[in-house]
Amino acid sequence: MRLPFSPVVVIGAIVLGIVGGTAYFLFKDTTPPEIALAPETKVVTPGQKFTVTASDAASGIRSITVTIRKNSQAQVLAKNTYPDKAGTKTAEFAFKDTFLRDGAFTLVVNAADASFAGFGQGNSTTKEYAMTMDTTPPKVTIKTSYPYVRRGGSGCVSFTVSREVDAAGITVNDAYFPGYRQENGDYICFFPFPYSMEGQDYQPYIVVTDQAGNKSETRVPLYRVKQRFKTDTVRINDRFFDLKLPEFKAFYPEVTDPLTLFNLVNGELRRSNAVKLMEIGQKSAPRALWNDAFLPLPNAAVKAGFAEHRAYLYNDVKQDVEATHLGLDLASIARSPVPAGNDGVVVFADYLGIYGNVVVLDHGLGLQSLYSHLSEISVTVGQTVTRGETLGRTGATGMAVGDHLHFGILISGFEVSPVEWLDRKWIRDNITDRLQEAGTPGPELVAPASVPVEEKKPESKPSPPRRGKKR
C-alpha cells in the first residue's frame, strides 16, 4: 500500500510541530512587567529613600535598572538582576552621592521579565518620572508678638511659611502640636507649657517640613511665667475600694487584690486614657469654632484645681503610684445639667476609664474641652453644639468620689489649665488681640464677658526670652 506522505515529510512535520510548540511556550508571554515607585513625589532631597517594585506573575522579574538623567549627564543608581525570577522584586535607591544639584531632572526606571520574548531578552517596561531636587529648607516668619506663657497654661502664635509644606507645627520636647493653615496662608498654632516642666527647660520650636522632606526649626521667643501647684496626700481605705473598684474590675479581671487593682487603675489605666485623649486631640477643625470665653458649671464650687499632685497612703504606707489632677473639679447639686463650654462639635461621647462617662468637644485649631464623671450623656459624636447647650448631667462615674464635674481643656489632646480659657480678658490679651494685631484671621470675642474662676497670681515677674537648647 502506498502512503500519502513520505516518511521524510512526516518527520519534518513532527519536528516543525515540536519547534512551533516550543516557540509558542517560550514566546507566548508578551505582557511587560508592571512598575510602581514609592513614594510618588515630584520634589526630592538627596537622602530621601525610594523603592521600585516590579511585578510579572507569568514569567517573573529578570532585572531592574534605575537611572537619573539631566541634560547630557546620566548616572545609574541601581542595576539589579534576579536569578530566582520571582514574580515581584524591589530595588531601593537614594539620590545621595550623585551629580544632581537643585533643579529639574528625569528618573528612568526599567524592568525586564524572565520570558524569552525578544529572542531571550524578555519583555521590558520603562517609566520616566519628572522630578525636582530641592535641598533648601522652608523659611518661617513669626507674625505675633512674644507670648506670655504660664507654666501649665497655653500659648498661641501665628506664622507664615515661605512655600507649601507638608507639615507645620510646634514641638515641645518630644510632643508635637500641629499648626492650622488659614485662608490667607497664615498658620495658627496653640501649644502648652507643660505643668511638669521647669522654666529653664521649656523652649518650643516651630518645625516645618516641605514636600521634599526638608525641615527647618525656628525658636519661639516668649516670656515664661512661673506657677506653683498644690501637692496633697490622699488617704485611701477599704471603704473607698468597695465603693469605686468594682467599676474597674473588667479592665483587670485577673487581679483580686484591691490595692494592686487601685494602683493599676491609677497608673496604667490613667496613662492609657491619656493616650486616647491624644488620639482624640488629632480630630480638630482647621478653623476656630468658638467666639467667647468658656462657661463653667453654673453655681459651682471649685473642689480641686489644675496640676494638683497627689500621693496616696493606704494603712499609712505611701504607694509608689502617684497622680496629677489635670482639670477643675466643679461641684454643684447632684445631677446638675452640664453646659457646653463653647460652640463646638462632639468628637467623643463614651466611657473612658478613670474619667468615667466623658464628652469631648472640638472647638477647632486643636482646642478641645472635656467633661467627665457624668451620670448621663445627652449628645452624640458628630453633633454640633452651642455654648451653654446641655451635654449631660454631673455624676461620679470613673475615679470620682461624690457627684461633680471634672472640666478640662486640651490642646491637641494635651491637658492644660482650664482657668485661662474661662477668663475672657486672658483670651483677649493672649489670643484674639494678638492674632488681630498680626493680621491673622481667628476667633473674635463677641458675647458678653463671663465670670472667671479665681486663680493665684504668678509668684514672680516673667523672665525675658532667652535662647534655649533645642529639644
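Analyst: Start with a sorting rule: Ala, Val, Leu, Ile, Met, Phe, Trp, Tyr, Cys and Pro count as nonpolar, Asp, Glu, Lys and Arg count as charged, and the others, Gly among them, count as polar. In this predicted model, the lining of the largest pocket divides into 20 nonpolar, 10 polar and 9 charged residues.

User: What is the volume of the largest pocket, and which residues lie nearest its centre?

Analyst: A pocket is an open set of points, whereas a probe in a cavity cannot get out. Here the largest pocket has a volume of about 970 Å³. Its lining is made of 39 residues, and those nearest the centre are R270, R310, Y312, A323 and H325.

User: Which element gives the most to the lining of the largest pocket?

Analyst: A lining can be read element by element. α3 gives the most, with 9 residues. Elements that each supply at least two residues include α3 (258-280), β21 (308-314), β23 (323-325) and β28 (367-374).

User: How many helices and strands are there in the protein?

Analyst: The protein has 4 helices and 33 strands. Among contacts between residues at least 6 apart in sequence, 68% join residues at least 24 apart.

User: How much of the protein is buried?

Analyst: Buried means under 20% relative accessible area. By that cut-off, 48% of the 471 residues count as buried.

User: How many cavities of 30 Å³ or more does the structure hold, and what lines the largest cavity?

Analyst: The structure holds 2 such cavities. The largest cavity has a volume of about 40 Å³. P147, Y148, S154, G155, C156, W426, N430, I431 and R434 form its lining. By type, these lining residues are 5 nonpolar, 3 polar and 1 charged. The largest share, 4 residues, comes from α4, and both β11 (154-161) and α4 (424-437) supply at least two residues.

User: Where does α4 bend, and which of its residues are buried?

Analyst: The general idea first. An α-helix has 3.6 residues a turn, so residues three or four places apart point the same way. In this model, the buried residues of α4 are R424, W426, I427, N430, I431, T432, R434 and L435. These buried residues pack against β10 (148-150), β11 and β15 (187-192). α4 bends by about 25 degrees at N430, and N430 is also one of the residues lining the largest cavity.

User: Which residue has a positive phi of about 55 degrees although it is not a glycine, and is it buried or exposed?

Analyst: N299 has that positive phi. N299 lies in the loop between α3 and β20. Exposed means over 50% relative accessible area, and N299 counts as exposed because its relative accessibility is 77%. D316 is another non-glycine with a positive phi, about 65 degrees. D316 lies in the loop between β21 and β22 (317-318), and at 59% relative accessibility D316 counts as exposed.

User: Which peptide bond is cis, and where does P39 lie?

Analyst: A cis bond can be read from the omega angle. The peptide bond from A38 to P39 is cis, with omega near -5 degrees. P39 lies in the loop between β1 (34-38) and β2 (43-44).

Key:
Residues are numbered from 1 along each chain as its sequence is written. This is a predicted model: local features need pLDDT of at least 70, side-chain atom pairs count only at pLDDT 80 or more; totals for chains, interfaces and linings use all residues. Side-chain values use heavy atoms; hydrogens and water are left out. On a 1 Å grid over the protein atoms alone, a cavity is a set of points where a 1.4 Å probe fits but cannot get out, and a pocket is an open set with protein on both sides within 12 Å along at least five of seven lines; lining residues have an atom within 4 Å of a point. Grid points are joined across faces, edges and corners, and a volume is the space filled by probe spheres set on the points. Buried means under 20% relative accessible area, exposed over 50%, partly exposed in between (1.4 Å probe, protein chains only). Contact means heavy atoms within 4.5 Å. The bend at a residue is the angle between axes fitted to the seven residues ending there and the seven starting there.
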